[in-house]
Amino acid sequence: QRLTQTMRADDEPTLATTTINLTLVAAGEFHFAVTGIQVEGWGGLDGPSSEVQAPDVQFPWEPQPARRHERTMHLDAFLVDTYPVTNARYLDFLRRSGYRPARPRNFLRHLGGENATDAGAADEQPVRWVSLDDARAFCAFEGKR
């Protein structure tokens, strides 16, 4: 059976039928640890460079940006898509919603940019080159967050 997430007042996930596969992640304590995180990788958007270093990242619980992040935290149960969003699924979202990015530079760069209509042989590969705002728009359109 295919599942989707609906929320009750107490924020506990419930299950309902839909066309999207979801996986339930149980509540619990999770150890979050990342070393060397960089925005767009070493060298920024233009690729590897020994001269340009991308900025560090700051998570909401941190006092300043850093390269190393570690924290144990409690997460309530939640549902997550079982499979990554594919190029085909994202392009279908663009067709059905009419969505256009606020910042089109590098949007769907791997498919030729913001006017991409077909991913060809890359249809079932995970979508890339979308911003956080673009991903949130997709999620909102699908009734997710």
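Does lysine 144 count as buried, partly exposed or exposed, and at what relative accessibility? Lysine 144 counts as partly exposed, because its relative accessibility is 22%. Buried means under 20% relative accessible area, exposed means over 50%, and partly exposed lies in between (1.4 Å probe, protein chains only).

This is a predicted model, in which local features need pLDDT of at least 70, side-chain atom pairs count only at pLDDT 80 or more, and totals for chains, interfaces and linings use all residues. Residues are numbered from 1 along each chain as its sequence is written, and side-chain values use heavy atoms, with hydrogens and water left out.

**Overall layout**

The protein has two helices and six strands. Along the sequence they follow the pattern β-β-β-β-β-β-α-α. Helices (H or I, at least four residues) and strands (E, at least two) are DSSP runs, numbered from the N terminus. Of the 145 residues, 26% are buried.

**Salt bridges**

The structure holds seven salt bridges. Each one puts a side-chain nitrogen of Lys or Arg within 4 Å of a carboxyl oxygen of Asp or Glu. Among them are these:

| Pair | N to O distance |
|---|---|
| Aspartate 81 and arginine 89 | 3.2 Å |
| Lysine 144 and aspartate 81 | 2.6 Å |
| Lysine 144 and glutamate 142 | 3.6 Å |

Lysine 144 lies in the segment after H2 and aspartate 81 in strand S6, so their bridge ties together parts that are 63 residues apart in sequence. Asp81, Arg89, Glu142 and Lys144 are linked in a network of salt bridges.

**The nonpolar core**

A nonpolar core is a set of buried Ala, Val, Leu, Ile, Met, Phe, Trp, Tyr and Cys residues joined through side-chain atoms within 4.5 Å. The largest one here has 15 residues. Tyr90, Leu91, Phe93, Leu94, Tyr99, Leu108 and Leu111 touch the most other members. H1 and helix H2 (132-141) each supply at least two residues of this core. The largest share, four residues, comes from H1.

What does leucine 108 touch, not counting residues up to four places away in sequence? Its partners are Tyr90, Leu91, Leu94, Gly113, Ala116, Val127, Arg128, Trp129 and Val130. Contact means heavy atoms within 4.5 Å.

**A loop residue**

Threonine 86 is found in the loop between strand S6 (78-81) and helix H1 (87-97). Threonine 86 counts as buried, because its relative accessibility is 14%. Leaving aside neighbours within four places in sequence, threonine 86 is in contact with Asp123, Glu124, Gln125, Pro126 and Val127.
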